[in-house]
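Student: Here is a structure I have not seen before. Could we go through the terms used for it, one at a time?

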Amino acid sequence: MTMSKTVLVLPGDGIGPEIVAEAVKVLEALRAMAGLDVRLEFAQVGGAAIDATGSPLPEEVLARAQAADAVLLGAVGGPKWDSLETSRRPERGLLGLRKGLEAFANLRPALLYPQLADASTLKPEVVSGLDVLIVRELTGDVYFGEPRGVRTLPSGERQGYNTMVYRESEIERIARVAFELARGRKRRLCSVDKANVLETTAFWREVVTRVGRDYPDVELSHMYVDNAAMQLVRAPKQFDVIVTGNLFGDILSDQASMLTGSIGMLPSASLDARGKGLYEPIHGSAPDIAGKGVANPLATILSVAMMLRHSFARADLAERIEKAVGRVLDQGLRTADIASSGTRRVGTVEMGDAVIAAL
Ligand code: IPM
Ligand code: MG
């Protein structure tokens with residue numbers, strides 16, 4: 001008998017609670033139908049936690065996340081907390097969670113469901129068959145570098161500053177994750193940097209190249225981030241796995257999501273060295289549509305599939321969820337973000353119910 005796994009569920013802000021509710025329904029359905037042995041716990045993070053406790057990530061919540069076997073998160077942030085200084089904002093809760101869980105390896109697959117080929121703003125022939133995996137380093141870079149802040153210069157003028165830093169060990173471990181993942185795919189890895197301008201990323205290139213000698217079976221290439229942004233919309237299918245730093249990965253993964261039709265489709269896994277993970281859709285809290293019941297829950301539901309695959313070694317159940325999502329799209333059901341002519345518009349709950357029926 002395996003011990004029951006604990007999942008800490010953090011709905012967060014905006015559409016977070018709505019989309020997470022559908023993903024929780026999927027976990028509960030698998031518990032009932034497939035004997036998945038999970039125990040769900042709930043807590044608040046981000047703006048919701050600020051309102052309740054004054055902190056975007058109360059110590060007790062981080063401790064529970066560290067004790068859990070996996071964490072499922074919705075999204076954080078919203079206009080209500082926009083006037084707070086950077087260090088007290090909801091986003092800090094998410095960053096603290098990633099750091100506190102040492103979840104340095106962020107896997108963001110951009111996979112186009114064939115049914116959505118015309119939901120993308122790009123031509124179907126450019127995106128059909130798209131299957132790119134972005135591996136984003138998640139606990140370093142300018143996101144966490146010190147010093148940071150806004151200071152007053154002797155001249156009296158104010159200056160904002162952040163620090164882009166990467167230790168060799170940080171680059172090496174994310175590179176190894178990316179090479180290993182490339183081995184399970186088409187064995188092509190593209191490392192993205194700005195080595196022509198930034199010393200930190202020239203160093204990144206040097207370390208990735210050295211690590212690459214241990215993976216002669218994987219074809220390693222390097223690309224500047226500006227070119228990578230261009231290539232992603234020009235000919236995205238040239239990529240198999242992309243590995244990059246925290247900031248570039250943030251930007252490129254939003255961009256890649258549009259190739260698949262909607263950011264509402266993209267899940268993510270953020271893993272520590274032992275494969276424990278934080279799972280979340282890559283999109284944000286979408287305050288403009290919060291509470292309206294129209295948000296797309298599929299990215300969060302697909303994040304549950306990633307949880308089953310990466311943290312619970314249940315690839316069988318992960319595939320079952322992914323197939324169910326495919327079937328629902330086959331049925332022509334679409335939330336507003338992926339709607340096109342000839343399809344049926346559904347809300348968040350109806351989409352979740354349809355996935356469960358298809359399971
Ligand atoms: C993401 C988000 C976060 C990030 C924000 C909400 C802090 O954009 O997960 O991509 O910048 O990492
Ligand atoms: Mg982002």
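Tutor: Helix H7 gives the largest share of the lining of the largest cavity, 3 residues. This is a predicted model, where local features need pLDDT of at least 70, side-chain atom pairs count only at pLDDT 80 or more, and totals for chains, interfaces and linings use all residues. Residues are numbered from 1 along each chain as its sequence is written, and side-chain values use heavy atoms, with hydrogens and water left out.

Student: What makes a space a cavity?

Tutor: On a 1 Å grid over the protein atoms alone, a cavity is a set of points where a 1.4 Å probe fits but cannot get out, and its lining residues have an atom within 4 Å of a point. The structure holds 1 cavity of 30 Å³ or more, and the volume of the largest is about 60 Å³, a volume being the space filled by probe spheres set on the points.

Student: Which elements each supply at least two residues of that lining?

Tutor: Strand E8 (188-193) and helix H7 (199-212) do. Among the lining residues are Asp141, Val192, Thr200 and Trp204.

Student: Why is serine 120 called buried?

Tutor: Buried means under 20% relative accessible area (1.4 Å probe, protein chains only). Serine 120 has 8% relative accessibility, so it counts as buried.

Student: What does the side chain of serine 120 reach at 3.2 Å?

Tutor: It reaches the backbone oxygen of methionine 258. A polar atom of the serine 120 side chain also lies 3.0 Å from the backbone nitrogen of leucine 122.

Note on methods. Chains lettered and ligands numbered in written order. 1 Å grid on protein atoms, 1.4 Å probe; cavity = no way out; pocket = protein on both sides within 12 Å on 5 of 7 lines; lining within 4 Å. Helix = DSSP H or I, 4+ residues; strand = E, 2+ residues; numbered from the N terminus. Buried < 20%, exposed > 50% of the residue type's maximum accessible area, 1.4 Å probe, protein only. Polar contact = N/O pair within 3.5 Å; in protein donor to acceptor, adjacent residues only side chain to side chain.
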